[in-house]
Amino acid sequence: MMLSSFLSKSREDTLAFAEQYALTLVPGDVVLLDGDMGAGKTVFTKGVAKGLGIEEEVTSPTYAYMNDYDGRLFHYDCYRIESIEQAERLGLADYFDMGGICIIEWAQNIAPLLPRRVKRVTIKKISENEREILCE
């Protein structure tokens, strides 16, 4: 497992790093995006979308649970998922095999449904503007 680390000094740094990270992804990849509230998970996802050539505005799917961008990017927010049964009823696992890239925030809430092979990105808030981004 290769681990890389990046120190972002701004929102723009995070967007640019994530745009480059997107170039390492292949259809079917599932990326678990870890970080506290306000760490920059949605900002990172916006950068990935740009790197994939998606022009639609990426927004946090907090209330929708999952946003679909052209079938190429599925952005999950599982913060409000209360049970595996709820996640199954919502069909969240159905998208893992649709050939798009899945980015999942708060993935621990649907852990039993995740595929065996996943990638993980952790964003740690260092200061108001600085973030440490770890990719494994």
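Rings of Phe, Tyr and Trp (its six-membered ring) pair if their centres lie within 6.5 Å; planes under 30 degrees apart count as stacked, over 60 as edge-to-face and the rest as tilted. This is a predicted model, in which local features need pLDDT of at least 70, side-chain atom pairs count only at pLDDT 80 or more, and totals for chains, interfaces and linings use all residues. Residues are numbered from 1 along each chain as its sequence is written, and side-chain values use heavy atoms, with hydrogens and water left out.

**Exercise 1. Aromatic rings**

State how many aromatic pairs the structure holds, and describe the pair of Phe74 and Tyr95.

Solution. Step 1: the structure contains six aromatic pairs. Step 2: the ring centres of Phe74 and Tyr95 are 4.9 Å apart and the planes stand at 55 degrees, so this pair is tilted. Step 3: Phe74 belongs to strand β4 (residues 73-77), while Tyr95 lies in the loop between α3 (84-89) and β5 (101-105); the pair therefore ties together parts 21 residues apart in sequence. Here helices (H or I, at least four residues) and strands (E, at least two) are DSSP runs, numbered from the N terminus. Step 4: Phe74 is buried at 2% relative accessibility, whereas Tyr95, at 23%, is partly exposed. Buried means under 20% relative accessible area, exposed over 50%, and partly exposed in between (1.4 Å probe, protein chains only). Step 5: ring pairs also link Phe6, Phe17, Tyr21 and Phe44 into a cluster.

**Exercise 2. Strand β7**

Identify the strands that pair with β7, and explain why β7 is largely enclosed.

Solution. Step 1: two strands pair if DSSP finds at least two bridges between them. Step 2: strand β1 (residues 4-8) pairs with β7 in the antiparallel sense over five bridges, and Phe6 stands opposite Ile133 of β7. Step 3: strand β6 (residues 119-125) also runs antiparallel to β7, joined by five bridges; β6 and β7 form a hairpin with five residues between them. Step 4: of the five residues of β7 (residues 131-135), four are buried, so the rest of the structure largely encloses this strand.

**Exercise 3. Cysteines**

How many disulfides does a search of the whole structure find?

Solution. Step 1: a disulfide is a pair of cysteine sulfur atoms within 2.5 Å. Step 2: the search finds zero. Step 3: the closest cysteine sulfur to that of Cys102 is in Cys78, 10 Å away and too far for a bond. Step 4: Cys135, the bridge partner of Val121, is in no disulfide either, with the sulfur of Cys102 the nearest at 17 Å.
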